[in-house]
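Please look over the structure shown here. The report that follows takes the strands, helices, cores and chain contacts in turn.

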Amino acid sequence: MGLKARIQKQVRYAFGAVGDLAKPITLLQKNTTEYNFGTELPVATTLTTTLTKCIELQQKREKGTENPSIVKKVLLSAEDISDPDIYDKVVIDGVTWNIVAPYDNDGFLITLSLTKEA
Amino acid sequence: MDKYSSLSKTIFSIFDSALWKLENIKTFPDNFTQTGGLTEFIRVSIIPSGGSRESTFKSASGVLQIDIFIVSGNGPTQAFYIADRLDKYLVSTTTAIAQKGNIQLLQSSLAPLGIDSANAGLYRYKYTIPFTFFEV
């Protein structure tokens, strides 16, 4: 087994070992590559729904801005999802979150930053 | 329709036209995130300034700013080509459309802005063209 496969196996093992700390997360991915100047809306196609597990790292309310929002960071296995973008959303515990920057993928783990309106 | 919405619809209608689409230049407005990994596209920003609004006459002037993104490192030729295509549809024309808006676009200018701060694989030019807009 190569080193990459061994690390991926350990990531899978870790997500299993943390028990209920790994929460179900649904990723709703849209393919948004066009803008329609007639309707004045982004053109979204190919809605892909992926159900996997995430580990919540942090949740806080941003301060010092005029529009404070609740920000959450979650950790996912990189082999479970394809790279998301700002038009995608996730659902955790029935609550829908927007994906925002920064987004990190080290090849094995993905750290997603999420916001919801206050 | 209100002034800013009408202005936006009038300018967007140019980029929604069949002729512009035939140019095959990917075109987006500001506050749209291009996620397709494109190496060439333009981004349209409407910057209104002065104007008036009376009961029967609305007007605005301002600048239409279009950021042209091309592949970094290949020289300016493609940016000039795209600017020429924009000139063909925009410069010194008065466009009257179904929304009863009329816009006159004046002389354009083009300036290099350097490598894009968000994507070093792209080089950015700023194409600007002043406009006056009125709606009766």
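## The barrel of chain A

In this predicted model, six strands of chain A close into a barrel. Their order is β1-β2-β3-β6-β5-β4, and the pairing is antiparallel. Neighbouring strands of this sheet are turned by 45 degrees against each other on average, direction ignored. Helix α1 (residues 3-17) of chain A packs on the sheet. The helix touches β1, β2, β3 and β6 of chain A, and its direction makes about 125 degrees with that of β3(A).

Along the sequence, chain A reads α-β-β-β-β-β-β. That is one helix and six strands. The C-alpha atoms of chain A fill a box of roughly 55 × 35 × 25 Å along the principal axes. Of the contacts in chain A with a separation of 6 or more, 53% join residues 24 or more positions apart.

## Strand pairs in chain A

Start with β1(A) and β2(A). They pair in the antiparallel sense over 13 bridges. A:N36 stands opposite A:L41 in β2(A). The two strands form a hairpin with four residues between them. In the turn, A:E40 has a positive phi of about 60 degrees.

Next comes β2(A) with strand β3 (residues 70-77) of chain A. Six bridges join this antiparallel pair. Here A:I55 has A:L75 in β3(A) as its bridge partner. β3(A) also runs antiparallel to strand β6 (residues 109-116) of chain A, and eight bridges join the two. In that pair, A:V74 stands opposite A:L112 in β6(A). Strands of a sheet pair through backbone hydrogen bonds, either parallel or antiparallel.

## Exposure in chain A

How much of chain A is buried? Buried residues make up 14% of its 118 residues. Strand β2 (residues 41-61) of chain A has 21 residues, and the number buried is one, so the strand lies largely in the open. α1(A) has 15 residues, and again the number buried is one, so this helix too lies largely in the open.

The length of α1(A) can be checked. At 1.5 Å a residue, its 15 residues should span 21 Å. The end C-alpha atoms are 21 Å apart, which agrees. Just after α1(A), A:G19 takes a positive phi of about 60 degrees.

## Helix α1 of chain B

Helix α1 (residues 3-15) of chain B has 13 residues. At 1.5 Å a residue they should span 18 Å; the end C-alpha atoms are 19 Å apart, which agrees. Which residues of α1(B) are buried? They are B:L7, B:T10, B:I11, B:F12, B:I14 and B:F15. An α-helix has 3.6 residues a turn, so residues three or four places apart point the same way.

B:S8 is also in helix α1 of chain B. Is B:S8 buried, partly exposed or exposed? A residue needs 20 or more C-beta neighbours within 10 Å to count as buried. B:S8 has 19 inside 10 Å, so it counts as partly exposed. B:S8 and B:I68 are 60 residues apart along the chain, and their C-alpha atoms are separated by 19 Å.

## Nonpolar cores

The largest nonpolar core has 27 residues. B:I11, B:I66 and B:I68 touch the most other members. The elements of chain B that give two or more residues to this core are α1, β2 (41-53), β3 (58-71), α3 (77-90), β5 (101-105) and β7 (122-135). The largest share, six residues, comes from β3(B).

B:I11 touches B:I46, B:L64 and B:I103, not counting residues up to four places away in sequence.

## Where the chains meet

How many residues of chain A are in contact with chain B? There are 10, and they are in contact with nine residues of chain B. On the side of chain A that touches chain B, the largest share, three residues, comes from strand β1 (residues 22-36) of chain A. The residues of that side divide into five nonpolar, three polar and two charged.

Definitions and conventions: Residues numbered from 1 in each chain as written. Chains lettered and ligands numbered in written order. Predicted model: local features only at pLDDT ≥ 70, side-chain atom pairs only at ≥ 80, totals over all residues. Expected span 1.5 Å × (residues − 1). Buried ≥ 20, exposed ≤ 12 C-beta atoms within 10 Å, placed from the backbone. Contact = placed C-beta atoms within 7 Å. Nonpolar A, V, L, I, M, F, W, Y, C, P; charged D, E, K, R; others polar. Core = buried A, V, L, I, M, F, W, Y, C linked by C-beta atoms within 7 Å. Pairing = 2+ DSSP bridges. Axes fitted to C-alpha atoms, helices over the stretch in contact; angles between N-to-C directions.
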